[in-house]
Amino acid sequence: MKKLEVKSLIKNYGKIPALKGLSFSADGEIFGLVGPNGAGKTTTLNIISGIILPDAGEFFVSEINGIKEKIKAKKLIGYLPEEPFFFDYLTGEETLNFVSSAYKIEWEKDDLLKKWMEDLQLMPYLKNMVGNYSHGMRQKLAIALSIFHNPEVILWDEPFIGLDWPSQEKLKEIMKELKNKGKTLILSTHHLELVEEVCDRAAFILDGKIVWEGEDTEKLKELFYDYLKEEPLGN
Ligand code: ATP
């Protein structure tokens with residue numbers, strides 16, 4: 001079984017169908033999730049991260065059933081949501097301490113994590129209150145919080161948003177290092193060039209289902225053009 005197996009997810013928000021039997025799997029690779037606005041990407045990530053439950057379907061993280069053994073699965077997952085939440089009156093360091101205590105780990109003993117935070121130029125800001133952080137600094141802290149517990153499957157929703165160019169380049173290196181450590185990265189993004197550059201494979205989500213999956217990530221542009229022909233802008 002692969003590190004992440006997502007099987008036939010169905011999710012309705014009231015009468016709005018968000019996922020209509022969505023399935024994919026990924027294993028020790030960087031896997032892109034691409035699709036137009038409202039296709040179901042965030043809903044998929046929210047289900048895998050345990051924030052919401054699907055109406056039907058299931059998923060497995062390192063063979064652990066993410067619905068039946070939610071807490072166990074959650075420990076193996078790292079999530080960078082599109083809009084991370086912070087307590088603004090805590091410093092970056094206090095935030096890391098707070099979340100680490102919930103996971104019973106000591107982040108400050110993790111030299112690789114500290115190196116990555118150094119690479120992203122986050123370390124000098126750890127004594128500052130998060131409320132005073134710039135957008136990019138908040139994003140860097142959220143990235144650190146998505147990997148500080150050494151998860152097997154890492155879900156990143158638009159990780160490059162708000163990052164300056166050197167940090168974007170560093171983050172690409174971090175992604176490769178994570179992959180080399182055997183981690184599975186799921187990257188949800190609208191940046192197709194990025195998917196072409198960093199992803200091993202990608203899937204195109206349309207209307208709550210995966211309609212294409214493959215290694216030829218250049219194909220994604222074609223799929224978007226086809227989608228626009230079917231659904232002209234403004235409709
Ligand atoms: P985007 O690229 O714009 O972030 P997305 O692919 O992440 O979109 P989702 O946010 O998963 O898409 O939304 C899928 C569908 O579910 C859309 O029709 C959206 O309007 C609907 N939806 C999402 N969240 C809710 C909610 N909390 N309540 C009602 N409908 C929702």
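Me: Which residues of helix 1 are buried?
Reply: Lys41, Thr43, Thr44, Leu45, Asn46, Ile47 and Ile48 of helix 1 are buried. Buried means under 20% relative accessible area, exposed is over 50%, and partly exposed is in between (1.4 Å probe, protein chains only). Helices here are DSSP runs of H or I with at least four residues, strands are runs of E with at least two, and both are numbered from the N terminus.

Me: What kind of model is this, and how are things counted?
Reply: This is a predicted model: local features need pLDDT of at least 70, side-chain atom pairs count only at pLDDT 80 or more, and totals for chains, interfaces and linings use all residues. Residues are numbered from 1 along each chain as its sequence is written, and side-chain values use heavy atoms, with hydrogens and water left out.

Me: Back to helix 1. Why call it largely enclosed?
Reply: Seven of its eight residues are buried, so helix 1 is largely enclosed by the rest of the structure.

Me: What follows helix 1?
Reply: Gly50 does, and its phi is positive, near 85°.

Me: Now the open sheet. What's the strand order?
Reply: The order is 6-7-8-3-9-10, six strands with mixed pairing. Two strands pair if DSSP finds at least two bridges between them.

Me: Which strands stand at the edges?
Reply: Strand 6 (77–80) and strand 10 (209–214). Each has a single partner strand, so one side of each is left without a neighbour in the sheet.

Me: And the twist, what does it average?
Reply: It averages 20° from one strand to the next. Axes are lines fitted to C-alpha atoms, for helices over the stretch in contact, and angles run from 0 to 180 degrees between N-to-C directions.

Me: How many bridges join strand 6 to strand 7?
Reply: Four, and the two strands run parallel. Strand 7 covers residues 153–157. Gly78 has Ile154 of strand 7 as its bridge partner. Leu80 has Trp156.

Me: Which helices pack on that sheet?
Reply: Helix 1 (residues 41–48) is one of them, touching strand 3 (30–34), strand 6, strand 7, strand 8 (184–188) and strand 9 (201–206). Its direction makes about 145° with that of strand 7. Helix 8 (residues 219–230) also packs on the sheet, touching strand 3, strand 9 and strand 10. The direction of helix 8 makes about 10° with that of strand 9. Contact means heavy atoms within 4.5 Å.

Me: Strand 7: are its faces covered or open?
Reply: Both faces are covered. Val153, Leu155 and Asp157 are buried on one side, Ile154 and Trp156 on the other.

Me: What about its pairing with strand 8?
Reply: Strand 7 and strand 8 pair in the parallel sense over five bridges. Trp156 stands opposite Leu187 in strand 8.

Me: Switching to strand 1. How does it pair with strand 2?
Reply: Strand 1 (residues 4–13) and strand 2 (residues 16–26) pair in the antiparallel sense over eight bridges. They form a hairpin with two residues between them. Gly14 in the turn has a positive phi of about 60°. Tyr13 has Ile16 of strand 2 as its bridge partner.

Me: How many bridges join strand 1 to strand 4?
Reply: Five, and strand 1 and strand 4 (residues 56–61) run antiparallel. Ile10 stands opposite Ala56 in strand 4.

Me: What does Phe24 touch?
Reply: Its contacts, not counting residues up to four places away in sequence, include Leu4, Val6, Phe31, Ile48, Ile186 and Glu213. The C-alpha atoms of Phe24 and Glu213 are separated by 8.4 Å, though the two residues are 189 apart along the chain.

Me: Last thing. Where are Asn150 and Asp207?
Reply: Asn150 is in the loop between helix 5 (135–147) and strand 7. Asp207 lies in the loop between strand 9 and strand 10.

Me: What's the phi of each?
Reply: Asn150 has a positive phi of about 55° although it is not a glycine. Asp207 has a positive phi of about 55° and is not a glycine either.
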